[in-house]
Amino acid sequence: MLGTVNLVMGSSSAAMATPTHSAAVKSLASSRIGYHNHCRTLPLPLGLPSASISSSCFLSPPLSSPFSTAIAAVNSDSADKQESNKYYFVVANAKFMLDEEEHFKELLFERLRYYGERNKEQDFWLVIEPKFLDKFPNITKRLQRPAVALVSTNSSWITFMKLRLDRVLAESYEANSLEEALASTPTNLEFEKPEKWVAPYSKYEYGWWEAFLPPVTKAEAKV
């Protein structure tokens, strides 16, 4: 009885199994869910009995499905938190951020509500005259002062806010602690009231932003 015959040609070799072996390989392939078996007939050298002609079979793993790819993309959402000392921000002058941009307040309170419903820890803050701006001379020279930055550890959300607010500048930086990252220079904000308010919604009340200040700044504001 002929067993497995190995043909060596150059640097490559081909393994051929008897019909019994081929059947075993096909059975194994059918038992591996999602795997595909590939078999083809290999000719034998002249002089060998035709009864010994058999197939060469191998298994190939399943291709990635769109569903598994989507799951991987969802799981990669945690990449925003891989560096706990990395902070992302958008910044503009305080007048625009706190007194003019009509959707900014609603966006922040909606996100705060969303976090509260899911018991998520807040990862975004408003920083008035942030000290980290000293690291970005190319930004500060384009800013009217005082400035206000929206800071977060979530890069994807800051990218969204950059597109949503439009008239802001964006960057990122690193800090050794949250206190260092959100350090600010004490500043009094004063906004002139318009003589005539024509918008269909009420004017934002002064101080609405205090709910989003860093903990240390909140404590100072109450003093």
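The structure holds six salt bridges, a salt bridge being a side-chain nitrogen of Lys or Arg within 4 Å of a carboxyl oxygen of Asp or Glu. This is a predicted model, in which local features need pLDDT of at least 70 and side-chain atom pairs count only at pLDDT 80 or more, while totals for chains, interfaces and linings use all residues. Residues are numbered from 1 along each chain as its sequence is written, and side-chain values use heavy atoms, with hydrogens and water left out.

Salt bridges link Glu 110, Arg 113, Glu 117 and Arg 118 in a network. Arg 113 pairs with Glu 110, with 2.3 Å between the closest N and O atoms. These two residues are three apart in helix H4, so about one helical turn separates them. Arg 113 also forms a salt bridge with Glu 117, again with the closest N and O atoms 2.3 Å apart. Glu 117 in turn meets Arg 118 at 3.4 Å, N to O.

Helix H4 (residues 104–117) lies across strands S6 and S7; helices (H or I, at least four residues) and strands (E, at least two) are DSSP runs, numbered from the N terminus. Those strands belong to an open, antiparallel sheet of four, in the order S6-S7-S5-S8, where two strands pair if DSSP finds at least two bridges between them. S6 (124–128) and S8 (169–174) each have a single partner strand, so one side of each lacks a neighbour in the sheet. Within the sheet, six bridges join S5 (residues 86–93) to S7 (residues 147–152), and Ala 92 stands opposite Val 148 in S7.

How values were computed
Contact = heavy atoms within 4.5 Å. Axes fitted to C-alpha atoms, helices over the stretch in contact; angles between N-to-C directions.
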